[in-house]
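Student: Could you walk me through how to read a model like this one, feature by feature?

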Amino acid sequence: MNTILKVVDVEKYYGTKSNLKKALDHIQFNVDAGEFVSIMGPSGSGKTTLLNCISTIDMVSDGHIYLNERDLATLLPKEMASFRRKNLGFIFQDFNLLDTLSIEENIALPLAIKNTPAKETHRIVTSLMQRLGIDDIATKFPSQVSGGQKQRCACARAFVNRPKLILADEPTGALDSVSAKQLLELLTELNAQEKATILMVTHDPFSASYGNRVLFLKDGHFNKELQKKQMSRNEFYHSILLEVSTFGGEEPC
Ligand SMILES: Nc1ncnc2c1ncn2[C@@H]1O[C@H](COP(=O)(O)OP(=O)(O)OP(=O)(O)O)[C@@H](O)[C@H]1O
Ligand SMILES: [Mg+2]
């Protein structure tokens, strides 16, 4: 199996020597190509810290993270942005779309930065918008569409470059339950049909159940892993709920 992400014994501290906070504690896991992995944990357990370290926004205090076989600690500052663009797609809780660009232009942004010819960009973006059911809002601006549509647009933008790994931080956090379900189904489709590799952090058992496996983060370290295997999505959801209620964490939503 082709390993896209390899996290080896990572520790992350915040603060100064006299006031040190350990946010990540001996974190170790791999993500293989084509996987959809959920990381679950209560508030403050280290989910965003871990994503920030993987996305090169922050640096680990100890240990190593390999993305596409490259040790992130060896990246030079001048390489960071292009490495990130080539290998990673991001979906954030609050969409992070540019308000002055149309939906179509937002999705095209990663291609524009790469200097993809306009005709090819238009072809790629149009076909992706059709796939994701947002072609009817192509010329609208973010302020003119719903939260669910904004997040589908953010999904398309994260995927348009065909990155090695899509990182999603609470992607359903700002959505109502219907839009959240549509978004999760969209991620599942991108994973199953387009072979997108996805790492999603969430505190919500329902969202987590869309992954193929769930890693449970508590106080900065993993204390459990559940695999979906042959379970239906609903069976997997119930086994996650059971895990959360047995081992603590936040109340299920
Ligand atoms: N920049 C920072 N400086 C100091 N401490 C921080 C910083 N960022 C995070 N922390 C601390 O590290 C721990 C992990 O925080 P993190 O934001 O990763 O949690 P989280 O699981 O994403 O929580 P949430 O579900 O609320 O988003 C927390 O105790 C937090 O207070
Ligand atoms: Mg967070």
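Tutor: Let's start with one pair: Ile 166 has Ile 198, in β8, as its bridge partner. This is a predicted model, where local features need pLDDT of at least 70, side-chain atom pairs count only at pLDDT 80 or more, and totals for chains, interfaces and linings use all residues. Residues are numbered from 1 along each chain as its sequence is written, while chains are lettered from A and ligands numbered from 1 in the order in which they are written.

Student: How many bridges join β7 to β8, and do the strands run parallel or antiparallel?

Tutor: Two strands pair if DSSP finds at least two bridges between them. Strands (E, at least two residues) and helices (H or I, at least four residues) are DSSP runs, numbered from the N terminus. Here β7 and β8 (residues 198-202) are parallel and joined by four bridges.

Student: In what order do the strands of that open sheet come?

Tutor: The six strands go β6-β7-β8-β3-β9-β10, with mixed pairing. At the edges sit β6 and β10 (221-227), each pairing on one side only. Neighbours in this sheet are turned by 20° against each other on average, direction ignored; the axes are lines fitted to C-alpha atoms, for helices over the stretch in contact, and angles run from 0 to 180 degrees between N-to-C directions.

Student: Which strands make up the open sheet of four?

Tutor: That one reads β2-β1-β4-β5, and its pairing is antiparallel. Its edge strands are β2 and β5, each pairing on one side only. Between β1 and β4 there are five bridges, and Leu 5 finds its partner in β4 at Leu 67.

Student: On to helices. What span does α5 reach?

Tutor: The expected span is 1.5 Å times one less than the number of residues. With 13 residues (147-159), α5 reaches 18 Å from first C-alpha to last, close to the expected 18 Å.

Student: Why is α5 described as largely enclosed?

Tutor: Call a residue buried if 20 or more other C-beta atoms lie within 10 Å of its own, exposed if 12 or fewer, and partly exposed in between, with C-beta atoms placed from the backbone. Twelve of the 13 residues of α5 are buried, so the rest of the structure largely encloses this helix. Among them are Lys 150, Arg 152 and Arg 157. The cover, counted by contacts (C-beta atoms, placed from the backbone, within 7 Å), includes β6 (88-91), α3 (103-113), α4 (118-131), β7 (165-169) and α6 (177-194).

Student: What covers the buried residues of α3?

Tutor: The cover there includes α2 (77-87), α4 and α5. The buried residues of α3 include Ile 103, Ile 107 and Pro 110.

Student: How many residues surround ligand 1?

Tutor: A residue is near a molecule if its C-beta atom, placed from the backbone, lies within 6 Å of it. Ligand 1 has 13 around it, the closest being Tyr 14, Ser 43, Lys 47, Thr 48 and Thr 49. β1 (3-16), β2 (19-32) and α1 (47-54) each give two or more, with the largest share, three residues, from α1.

Student: Where does Glu 69 lie, and is Glu 69 buried or exposed?

Tutor: Glu 69 sits in the loop between β4 (62-67) and β5 (70-71). Its phi is positive, about 70°, although Glu 69 is not a glycine. Glu 69 counts as exposed because it has 9 C-beta neighbours inside 10 Å.

Methods: Contact = placed C-beta atoms within 7 Å.
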